[in-house]
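Thank you for making time this morning.

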Amino acid sequence: MSSRCYDLIVIGAGIIGTSCADAAAAEGLRVAIVEPGPIGGGSTAAAMGHLVAMDDDPAELALTRYSLHEWELFASLPEAEFSRCGTLWVARNEAEARVIPARIARLGAAKVEAHAIDTQNLYELEPALAPGLYGGLLVPREAVVYPPRMALYLAQRAQSNGATLYAGRSASKLGHAAGTDQVLLDDGTQLSGPTLVATGCALPTLLPQLPMRARKGHLLITERYPGVLHHQLLELGYADSAHGDADSSVAFNVQPRPTGQILIGSSREFSATDSAVSPAMVRRMLERAFDFMPSLRQLQALRTWTGFRPTTPDGRPYLGAVPGQNKLWVAAGHEGLGVTTALGSARLMLDLLLGRTPAIDPAPYAPSRVIA
Amino acid sequence: MTLRFDVLIVGAGPAGLAAAQAAASHGARVGLLDAQARLGGQVWRHDVRHPAPGAARDAINALKQVTFLGQHQVIAAEPQRLLVETPQGAEHLSYATLILATGARELLLPFPGWTLPGVTGAGGLQALVKQAWPIAGKRVVVAGTGPLLLAAAATLRKHGAHLLGIVEQAPQSAVHAFARQLLHWPARAVQAVGLRARLAGVPYRFGSIVRHAYGEQQLGAIEIEDAHGKQRLDCDHLALGYGLLPNTELAQLLGCALDYGTPEQASAHPHVIVDRLLRTSVADVYAAGEACGIGGLAAARIEGAIAGHAAAGAEAAASALLPRRAKERRFASLLAKHFALDPRLHQLATPQTIICRCEDVTLSALDGFTDARAAKLATRCGMGACQGRICGSALAELGRFPRSGSRPPLFPARLSSLVQATPSLSDEISRSST
C-alpha cells in the first residue's frame, strides 16, 4: 500500500498540536493532523485558559513571554474569547508579600508589567475578597481565553492553508525508530514524513522513553454573576502548589469568564488516575476558595469537571527532536501552562524543524535531557 | 449530619409513593425525598385551588411510618449515600437500598418561535396554573400528541382558560384505532369519556401540527398545518406536549446501565435497565416508573410497589405484582405505537432556530458535529443551567447525536452545599498546606 507523503505529520490536536499544525501550514508545509477525539478535547478542554507568566524558572518565563507576545495577535479573535482581566496575586500577610519585589524584578526583566498592590488597593480592585488580607501583585496585561475553541480555530485555519485532518483516527505505529518515516493509523492508512508527537498525557503510548505523568485537576464553574469578580485571582502560594511535588495540593485560583461566570480551581493530584470528580477534592478546593472569598459560598455551581496535566520530571515541556530517531519530533509535557505557551512552543518547533535559529534558547526543553 | 435509611426513595410521585408504602409495610426505615415541598410528583402536583384526585389522596394518606423529605434536591452521589441540598443547607442521606423513582420530563421540540414567552410545555403550563398562575380568560392552544393533551386541556379549562383547540399530530385513523383498543381497558375508557365531556365544545383536530409561533416580545399567533394547508391562529399561550422522556441523570451518575435501544431501532432517550424485580445494574439500587421507560401512571404505581417490596426483602410480595406490571406496560406500548411522532415534526427547526436556550446556540452552529461533547466544547451547547436537559434531549430527538453523560452537581447547587456536608480528614490537610 502506498503512503501519503507530508512535510509534517502532527499527532494530537490539542492546543499544542493545533498550534504547531497551524504554524507549519502557514509556512507552506504540507501538513497532516491525526486526532482520534474532538479537536482540543483532552487537557485543552479541561484547562482554565489563563495566560499567565510564571517567573520561578527562567526558561519557562522565556517561553511564556515569547508565547504571550504571539497571543496578542488573537486578542480580538472572537473564537479565542480573549479577555484581558489581568492577574492579581493575593498575599495573606506580610511574610507572603516579601516575594513581591523579586517577582516584579524578574517579570520586569522579561518585559512583563507588574505592580505591587497595597491593602487598600487590593480591596478597591476586588471588594469581595475576605477581610484581613495584606496586599498583592497585579499583572495587568494578562488575559484569559477559551482553549478548546481556540484549538478548533487553529485546526481549521491549518486546514484552510492546506492541512489534512485525519479525524477519528489514532497513530498506532511509528517507523522512525527503524529509520523510516512511516506512520500507521489504526484504520490502516499509511502516512509518511517528518512527524511531531503532541499527544500530551498520552505521550508514553508512542514514546515510552520520555517520562510523563498525568497530574489530575478539578475545576468548577458557576452560573453568571457579572461584576462579582474582576481579575484572575491566585494566592501567592500558588507556585508552591503548581511546582511542588506533593501528591495532592489545592490553591486559590478563580477566574472571571467573559460570560460573567466564575471558574474556580485549582487542585493537583499525582496518584488519582480515574477521571471521576472527587467530592472530597472539590470540597477541599472550595474551602480554600472560601477562605479568600467567602461570598462565593452563596453562588450556584453549574458544573464540575476534571482534567489531566501532562507533567515531565522537571516540569518543562519536551520541545525538539526525539534522540536516536529519524525525523521524529515531540512537543508535549507543558503541565499547567500548555495554553499559555502553545503559540511560542509552535514557533520554536517550526524553527527547529526548518533548521532555523529559534528566537529563544531551545536547550532547556530538549528531550535529550531525560534520555541518557 | 447524615441520616440513614434502610430504603431511600428519590421522587415522591406515584412510583415513589407506592414504593414508600410497600417498603414501610415490611417495617423498613423509609425515607422519601423530593425536590418539591409536597408529595405527589409532577402528575399529582398540588393544586392550590382544586382538590387532588382521589387516587392521589389515597396514595398520600396511605403513607405510614415514612419520613418525607420535601425540598430535598439530589446534587451528587457517593457510594451508599446521596448529597442533597435543602433550603437550609446540605446533608448526606445514606441508605442500604435506593429506589430511583425520578419520573419523566417533557420532550420539548424546537421549531421557529419555540423560545417565545407564552410557549411552554403542556405539563409545565399545567403546573403553573396549579400554583395560581393567572390563565383565566387567556386564549390557549394545546398541541402535541396523546391523551395527556386532554388531561392538560381539562386542567387549563378548569382554571378558566379559553381553549381555542387541541391540535393532535397523530392522524384521526390512529386515534380511533387507539380508542377502539380502550375497550380492553375499561377504566381508561371511562376516564377518556369523562375528559372529552369536560372538554365539550373544544375543537379537537387530528393530523395537525404547529409549525411556527409568532410574536415580538410575547406569543401572539401560531401557524397550524394539516392535510388541507396552513392556517394562522391568534392566541396568548401555546402548551405543547410531544411526549415524555425518562429522567435518568441520577441513575447515570450512580453508574446504572442505561438502554439506548438497538442499532436497528435506536432510542433517542435512554431509560434505566432493570431486571424483573426492578434491580438496576448497580447493587442495592432499584428503579421504578418512568425512569425505566415511559409507562404511564398506572405502571408507575405498580412498579413502585414492586420495587418497594423487593427493596425491603419481600420478594414474594413483589413477584405477585408482576402480571399487573406486564399488563400496564402493554398499554404504554399501545400509546407509543398509535401516537408515534410524525417525522415532519423533526424538520420544523430552521438553521436559525435557537436550540440551546441557555447559551443561544442555533441549529446551524451545530452542523457537522457528530457527538455532544465536541459540539459543547465548540459552541457551548448544553453548558447552561438546564445542563443539556432541554437542548441535549431535543438534539437526540432530531437525530443529531445522543446527550453527553451527567456530572455532579446534578442540578445547579450552592457552592456551600458542595462543602458543608461531612467535614473530613481532607480539611486538616488543606489547612496545613501552607
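Predicted model: local features only at pLDDT ≥ 70, side-chain atom pairs only at ≥ 80, totals over all residues.

Residues are numbered from 1 along each chain as its sequence is written, and chains are lettered from A and ligands numbered from 1 in the order in which they are written.

Chain B has 14 helices and 22 strands, where helices (H or I, at least four residues) and strands (E, at least two) are DSSP runs, numbered from the N terminus. Its C-alpha atoms fill a box of roughly 70 × 55 × 45 Å along the principal axes. For 434 residues, a compact globule would have a radius of gyration near 22 Å, and chain B, with 22 Å, agrees with that; the radius is taken over C-alpha atoms, and the globule rule is 2.2 Å times the number of residues to the power 0.38.

The domain assignment, which is automatic or from a database, divides chain B into domain 1 (2-104 + 245-337), domain 2 (108-242) and domain 3 (349-397). The C-alpha centres of domain 1 and domain 2 of chain B are separated by 28 Å, and ten residues from domain 1 meet ten residues from domain 2, where contact is defined as C-beta atoms, placed from the backbone, within 7 Å.

How many of the residues of helix α1 (residues 14-24) of chain B are buried? Eleven of the eleven are, so α1(B) is largely enclosed by the rest of the structure. Here a residue is buried if 20 or more other C-beta atoms, placed from the backbone, lie within 10 Å of its own, exposed if 12 or fewer, and partly exposed in between. The buried residues of α1(B) pack against several elements of chain B, including β1 (2-10), β6 (90-100) and α8 (296-311). For chain B as a whole, 48% of the 434 residues count as buried.

Let us now move to chain A. Strand β14 (residues 213-224) of chain A pairs with β18(A) in the antiparallel sense over ten bridges, and A:T222 stands opposite A:A301 in β18(A); two strands count as paired if DSSP finds at least two bridges between them. β14(A) also pairs, again antiparallel, with strand β17 (residues 261-269) of chain A over four bridges, and in that pairing A:K216 stands opposite A:E269.

Finally, the two chains meet where 30 residues of chain A are in contact with 23 residues of chain B. On the side of chain A that touches chain B, the largest share, eight residues, comes from α10(A). By class, that side divides into 15 nonpolar, seven polar and eight charged residues, with Ala, Val, Leu, Ile, Met, Phe, Trp, Tyr, Cys and Pro counted as nonpolar, Asp, Glu, Lys and Arg as charged, and the others, Gly among them, as polar.
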